[in-house]
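My notes follow in the order of looking.

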Amino acid sequence: MKPVRVIAGTALPLDRSDVDTDQIIPSDWLKRVERTGFEQGLFSEWREDPAFVLNDPRFAGARILVAGPNFGTGSSREHAVWAIQQYGFEAVISPRFGDIFRNNSTKNGLVPVQVSEEVARILLDAVADDPSIEITVDVERLTVSAPDAGVSADFPLDGAVQHRLLEGLDDIGLTLAHTTAIDAFEATRPSWMPSLA
């Protein structure tokens, strides 16, 4: 996982509430054995509608997804996070997230930016009106700003999660940070017990 410090760029407004993981990545995409190519399945059923926002070329290249409340509810499929990231988004802004989705996001380097409903509505409307508006998500300062929309707000993030994102540590990286202690423990194990050697 790469470190995430500041994400700055344009956004895509997904003005829908209660978007669950089955809508983010429909279940027929879960049959894949690879961990790549999920961007094609992102909102694939909704993308069949030519008027759906992901089909609007004005939002091509957006790095931030701005959504309505209760984003990422539903099943625990990690594929939802993979699809969002592989499409090119590095952060999702919403008033509320599904707990499992938020956890999967931070373990994969996707930043869940929880803001008030008022801030989310201002951003959704501003980006819909002007796709060139830039939004900055600062993981170190825990702020989201969009000067052209008059937005400057803080967002919550657990200290341990913030550390993981800033240092680019997934679960394996967190474990490897304790290599010296693990080696010391393994050296004290009786020879008759299973070992990593």
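I take contact to mean heavy atoms within 4.5 Å. Helices (H or I, at least four residues) and strands (E, at least two) are DSSP runs, numbered from the N terminus. I note that this is a predicted model, where local features need pLDDT of at least 70, side-chain atom pairs count only at pLDDT 80 or more, and totals for chains, interfaces and linings use all residues. Residues are numbered from 1 along each chain as its sequence is written, and side-chain values use heavy atoms, with hydrogens and water left out.

**Entry 1: overall build**

I looked up the secondary structure and found 7 helices and 8 strands in the protein. Along the principal axes, the C-alpha atoms fill a box of roughly 70 × 40 × 25 Å. Residues 24 or more positions apart account for 67% of them.

For burial I use relative accessible area: buried is under 20%, exposed is over 50%, and partly exposed is in between (1.4 Å probe, protein chains only). The protein has 197 residues, and 45% of them count as buried. Its accessible surface, by the Shrake-Rupley method with a 1.4 Å probe, comes to about 10200 Å². Carbon and sulfur atoms hold 51% of that surface.

I also looked up the charges. Lys and Arg count as positive, Asp and Glu as negative; His and the chain ends are not counted. Each charge is placed at NZ of Lys, CZ of Arg, CG of Asp or CD of Glu. The protein has 17 positive and 30 negative side chains. The centres of the two sets lie 4 Å apart.

**Entry 2: helix H2 and its surroundings**

Which residues of helix H2 are buried? In H2 (residues 79-87) I find His-79, Ala-80, Val-81, Trp-82, Ala-83 and Ile-84. These buried residues pack against helix H1 (21-24), strand S4 (91-94) and H3. Just after H2 comes Gly-88, with a positive phi of about 125 degrees.

I went on to Ser-105, which is found in helix H3 (residues 99-108). Ser-105 has a relative accessible area of 0%, so it is buried. Neighbours within four places in sequence aside, Ser-105 is in contact with Val-81, Leu-110 and Pro-112. Val-81 is one of the buried residues of H2.

**Entry 3: salt bridges**

My rule for a salt bridge is a side-chain nitrogen of Lys or Arg within 4 Å of a carboxyl oxygen of Asp or Glu. By this rule I count 12 salt bridges.

Asp-99 is exposed at 59% relative accessible area, whereas Arg-102 is partly exposed at 25%.

In helix H4 (residues 117-129), Asp-125 and Arg-121 are 4 residues apart, so about one helical turn separates them. Their closest N and O atoms are 2.8 Å apart in a salt bridge. Asp-125 is partly exposed at 37%, and Arg-121 is partly exposed at 34%. I traced a network of salt bridges here that links Asp-15, Arg-121 and Asp-125.

Is Arg-164 buried or exposed? Arg-164 is buried, with a relative accessible area of 9%. Arg-164 forms a salt bridge with Asp-171, the closest N and O atoms being 3.0 Å apart. Asp-171 counts as partly exposed, at 39% relative accessibility.
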